[in-house]
Amino acid sequence: MTVPVALEVRRLTVSYNARPVLWDVDAAFPAAALSAIVGPNGAGKSTLLRAALGLVASDSGQALIQGRPVRSALGRVAYVPQRDAVDWDFPITVREVVEMGRYRQTGWVRRVARSDRMLVEDCLERVGMRPYATRQIGALSGGQRQRVFLARALCQQAPVLVMDEPFAGVDARTEASLLGLLSELRDTEGRSVIVVHHDLATARSAFDWALVLNVRAVACGPVSEALTAATLRRAYGAVTTDAPGEQEDLWTT
Amino acid sequence: MPEILDYDFMRRALLAAALVGLAAPVVGIFLVQRRLSLIGDGLGHVALAGVAAGLLTGQAPVWTALAAAVAAALLLETVRWRGQTSGDVVLAVIFYGGIAGGVVLISLAPAGNAANLAPYLFGAITTTTAADVRVFAVLAVVLLSSALVLRPWLFAVSNDEEYARAVGLPAQAVNIALAVMTAVTVVLSMRTVGLLLISALMVVPNATAQQLAGSFRASLATAVGIGLVASVSGVTTSYYADVPSGGTIVLLAIAGFVAAVGIRAARDRLPARDRSAAP
């Protein structure tokens, strides 16, 4: 491939309790593009991201970020986990969450420096959450919280941004404005954004590249080539909606 | 000078109480965030076995308790990281193993019986020696400076371990550091609060602060303030009322928690307009 690659997985196999969740997946996501990972529930979409970042152990295969093994390239990728993965009962402000994005750079002895603080304010501004900086994260709506996590990821200043279901439980207006921001990151800064996504309609309209996944990689390429009736039928079964019941049949074929 | 300070043993007890009141909430805030509130309890039980081993062998119980608690903390984190057994089960095994070992070991000590362990379990103001205070001061300085230096990492890992790992922070090392810090806090508490009650002083001031504060920084400051007031006033009350210091300290901390829940409820009933004016 001549196009520079942001994230690539080669022959990736991951299993939980001896049941394969990902089977021999090859996929590459181009740099400076918006890529969607689509597939039915249980297709291994989140697992693909987590394995690519080294958060779950893989049985075989490897992941490369900008051509480097993940271990030596964690500084090049920023991750937005699924929003419901953390319980936010504890009083933590929006700003304190976003500052976490700087901890790798600041290390453990130094405090968060003045330039880091300015960057934190900048990132909050970009996602429209600066007026909420002193609010408790637990008191925000789902969409607002998602913006905060995006700000935290932006703060890492990584060229590759990886997001797990950022639009789940988010209203249409917030989804549109988040998508607008992601396109802006691609267009003005050349960042590469890879998103686990549910909605095939916006995957077609707003994204450049798609991986259709159902344990195996069904298709991977520009959305016009990857999201065809044939590939979606193979991934989802007969109907092109989330149809978790179909997955067992599919991966044995 | 108040009469209470005329006695050497009271000066030592108050100093030890202040040290533990300061340190316990600092370590506890990360435990509460990680939902590991009970780990201090488990390590306290193991420290008890350490105390009994010290009494049996004639070593200073502070050091044997420290060795036992730190070893248990390392074991707990190692087993949990490997993920073969659930953290909950590991904690239970350590918990019961510690207290069973403590009771059996103390029965083997010359003239030893389970009653000898009571001051270690629940705290007693007359037991703090000058040597203890020196050890506690060193432990407290080590604890507080570790917490200060590691604060961002402890915060990130306790709050969202997966994100911390994705950023490239050494999550396992941070978890081990937190477990060892918990073990040290447990030992620091063994004279004034007691090994069975120390977990309360790590958890309750933070639960209280959580009701009142709006940020992590404010929670930490509030919890430390509550911890200090509860432990120093608890030891003072213990002197005048002739009751065990540990129980008194914890009851005072819980009274603070109940008051905070009341304040929070009253504040939440205020119209939103008034609340939005607050910072």
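Let's start inside one helix: B:R80 and B:E77 sit 3 residues apart in helix α3 (residues 61-82) of chain B, so about one helical turn separates them. (Helices here are DSSP runs of H or I with at least four residues, strands are runs of E with at least two, and both are numbered from the N terminus.) The side chains of these two residues meet in a salt bridge, at 2.2 Å from N to O. The term salt bridge stands for a side-chain nitrogen of Lys or Arg within 4 Å of a carboxyl oxygen of Asp or Glu. B:R80 is partly exposed, with a relative accessible area of 21%, while B:E77 is buried at 4%. Buried means under 20% relative accessible area, exposed means over 50%, and partly exposed is in between, with a 1.4 Å probe and protein chains only.

A word on the ground rules: this is a predicted model, where local features need pLDDT of at least 70 and side-chain atom pairs count only at pLDDT 80 or more, though totals for chains, interfaces and linings use all residues. Residues are numbered from 1 along each chain as its sequence is written, chains are lettered from A and ligands numbered from 1 in the order in which they are written, and side-chain values use heavy atoms, with hydrogens and water left out.

## Salt bridges

Over all chains, the count comes to 20 salt bridges. Here are some of them.

| Pair | N to O distance |
|---|---|
| B:R80 and B:E77 | 2.2 Å |
| A:R50 and B:E162 | 2.4 Å |
| A:R95 and A:E121 | 2.6 Å |
| B:D160 and A:R152 | 3.4 Å |

Take the pair A:R95 and A:E121, whose side chains meet at 2.6 Å. This pair links distant parts of the chain: A:R95 belongs to helix α2 (residues 94-99) of chain A and A:E121 to helix α4 (residues 114-126) of chain A, 26 residues apart. A:R95 is partly exposed, at 27% relative accessible area, whereas A:E121 is buried, at 14%. Both also belong to a network of salt bridges that links A:R95, A:E121, A:E125 and A:R130.

## Where the chains meet

How many salt bridges are there between chain B and chain A? The count is 4. One pairs A:R50 with B:E162. Another salt bridge joins B:D160 and A:R152 at 3.4 Å. That pair crosses between chains, going from B:D160 in the loop between α6 and α7 of chain B to A:R152 in helix α5 of chain A. B:D160 counts as buried, at 6% relative accessibility, and A:R152 is buried too, at 1%.

Zooming out, the contact (heavy atoms within 4.5 Å) takes 28 residues from chain B and 27 residues from chain A. Between them the chains bury about 2,800 Å², 57% of it on carbon and sulfur atoms. That buried area is the accessible area (1.4 Å probe) that two parts lose on being put together, summed over both.

There are polar contacts across the interface as well: 11 residue pairs, with both residues at pLDDT 80 or more. A polar contact is a pair of N or O atoms within 3.5 Å; within protein, one must be able to donate a hydrogen and the other to accept it, and residues adjacent in sequence count only if both atoms are side-chain atoms.

Which helices of chain B each supply at least two residues to the side that touches chain A? They are α1 (8-33), α6 (130-159), α7 (161-167) and α10 (216-241). The largest share, 9 residues, comes from α6(B). By class, this side of chain B has 15 nonpolar, 7 polar and 6 charged residues. (Ala, Val, Leu, Ile, Met, Phe, Trp, Tyr, Cys and Pro count as nonpolar, Asp, Glu, Lys and Arg as charged, and the others, Gly among them, as polar.)

## A buried arginine

A:R145 lies in helix α5 (residues 142-155) of chain A and counts as buried, at 17% relative accessibility. The A:R145 side chain reaches the backbone oxygen of A:G138 at 3.3 Å. Leaving aside residues up to four places away in sequence, A:R145 touches A:R83, A:W88, A:I137, A:G138 and A:L140.

A disulfide is a covalent bond between the sulfur atoms of two cysteines. The rule asks for a pair of cysteine sulfur atoms within 2.5 Å, and the count over all chains is 0.
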